[in-house]
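Welcome! Please take a moment with the sequence and the 3D view, and then we can walk through the chain together.

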Amino acid sequence: MNDISLDATDYRLIDALQTDGRITNQELARRCALSPAACHERVRRLRERGVITGTVALIAPAALDCALMIFVEVLLDRTNDDVFAAFADHVRRIPEILECHMVAGGFDYLIKARVSDMAAYRSFLGGILAEVPGIRETRTYAVLEEVKQTTCLPIPTQTHRTRR
């Protein structure tokens, strides 16, 4: 990906699509000062080159009864390739886990998960997460307020632009 060069028009397209992935090609072309054909071709190339990796619907968590967001620090009992692989394989199959990142620092992984409430969290921690191999210790942080949540990546030429 580091060898992909993007120009100002690509950045405008990406910025608009990050904000509204359902925008019509006609409207996207208008906003980015392109003809519809040129706009369609550029978006196609961005997809082919792996810059645009997909388009999704963002769902209100409460609508699916998973309003409580939690972050879990995970410390493994051993840190070798087999333990990492077993942990990662197991975590990928747990639907409540939205993100899991191997990190450097005082613990090994940071998990972001969603559950319905504190009772479901206790079930998640004591049942589901307890079955994951290699875990020595966890620390959990329940989110009280989501101050900022976005799926938009900063655009290099517009890093200080105010986003919706």
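## A question to start

Does Ala33 count as buried or exposed? At 69% relative accessibility, Ala33 counts as exposed; here exposed means over 50% relative accessible area, buried means under 20%, and partly exposed is in between (1.4 Å probe, protein chains only). Ala33 sits in the loop between α2 (25-31) and α3 (36-48). Its phi is near 60°, a positive value in a residue other than glycine.

## About the model

This is a predicted model, in which local features need pLDDT of at least 70 and side-chain atom pairs count only at pLDDT 80 or more, while totals for chains, interfaces and linings use all residues. Residues are numbered from 1 along each chain as its sequence is written, and side-chain values use heavy atoms, with hydrogens and water left out.

## The overall layout

Five helices and four strands make up the list of elements in the chain. Helices (H or I, at least four residues) and strands (E, at least two) are DSSP runs, numbered from the N terminus. Read from that end, the order is α-α-α-β-α-β-β-α-β.

The C-alpha atoms fill a box of roughly 55 × 35 × 30 Å along the principal axes. The radius of gyration of the chain is 20 Å, whereas a compact globule of 164 residues would have one near 15 Å; this radius is taken over C-alpha atoms, and the globule rule is 2.2 Å times the number of residues to the power 0.38. Contact means heavy atoms within 4.5 Å. Among contacts between residues at least 6 apart in sequence, 66% join residues at least 24 apart.

## Surface and charge

Of the 164 residues, 29% count as buried. The accessible surface comes to about 10900 Å², and 53% of it belongs to carbon and sulfur atoms. These areas come from the Shrake-Rupley method with a 1.4 Å probe, and for residues only the protein chains shown count as cover.

The chain carries 21 positive and 22 negative side chains, and the centres of the two sets are 8 Å apart. Lys and Arg count as positive and Asp and Glu as negative, leaving out His and the chain ends. Each charge is placed at NZ of Lys, CZ of Arg, CG of Asp or CD of Glu.

In soluble globular proteins, nonpolar side chains tend to be buried together. A nonpolar core is a set of buried Ala, Val, Leu, Ile, Met, Phe, Trp, Tyr and Cys residues joined through side-chain atoms within 4.5 Å. The largest one here has 18 residues, and Ile70, Val74, Phe87, Ile97, Ile111, Phe124 and Leu129 touch the most other members. At least two residues come from each of β1 (68-76), α4 (81-92), β3 (109-115) and α5 (118-128). The largest share, five residues, is supplied by β1.

Which residues does Phe124 contact, leaving aside its neighbours within four places in sequence? They are Ile70, Ile94, Glu96, Ile97, Ala113, Val115, Leu129 and Ala130. There is also a second, separate core of 14 residues, which includes Ile14, Ile23, Ala29 and Val43.

Helix α1 (residues 8-19) holds Asp10 and Tyr11. Asp10 counts as buried at 6% relative accessibility, and beyond its neighbours within four places in sequence, Asp10 is in contact with Ser5, Arg42 and Leu46. Tyr11 counts as buried too, at 17%. Tyr11 and Pro95 are 84 residues apart along the chain, and their C-alpha atoms are separated by 33 Å.

Ile23 lies in the loop between α1 and α2. Ile23 is buried, with a relative accessible area of 13%, and its contacts outside the four places on either side are Leu17, Leu28 and Arg31.

Asp65 is found in the loop between α3 and β1. Asp65 is exposed, with a relative accessible area of 55%, and its phi is near 55°, a positive value in a residue other than glycine.

Thr151 belongs to the segment after β4 (135-142) and is partly exposed at 46%. Not counting residues up to four places away in sequence, Thr151 touches Gln18 and Leu58. From C-alpha to C-alpha, Thr151 is 21 Å from Asp65 and 16 Å from Ile23. In sequence, Asp65 is 86 residues away from Thr151, and Ile23 is 128 residues away.
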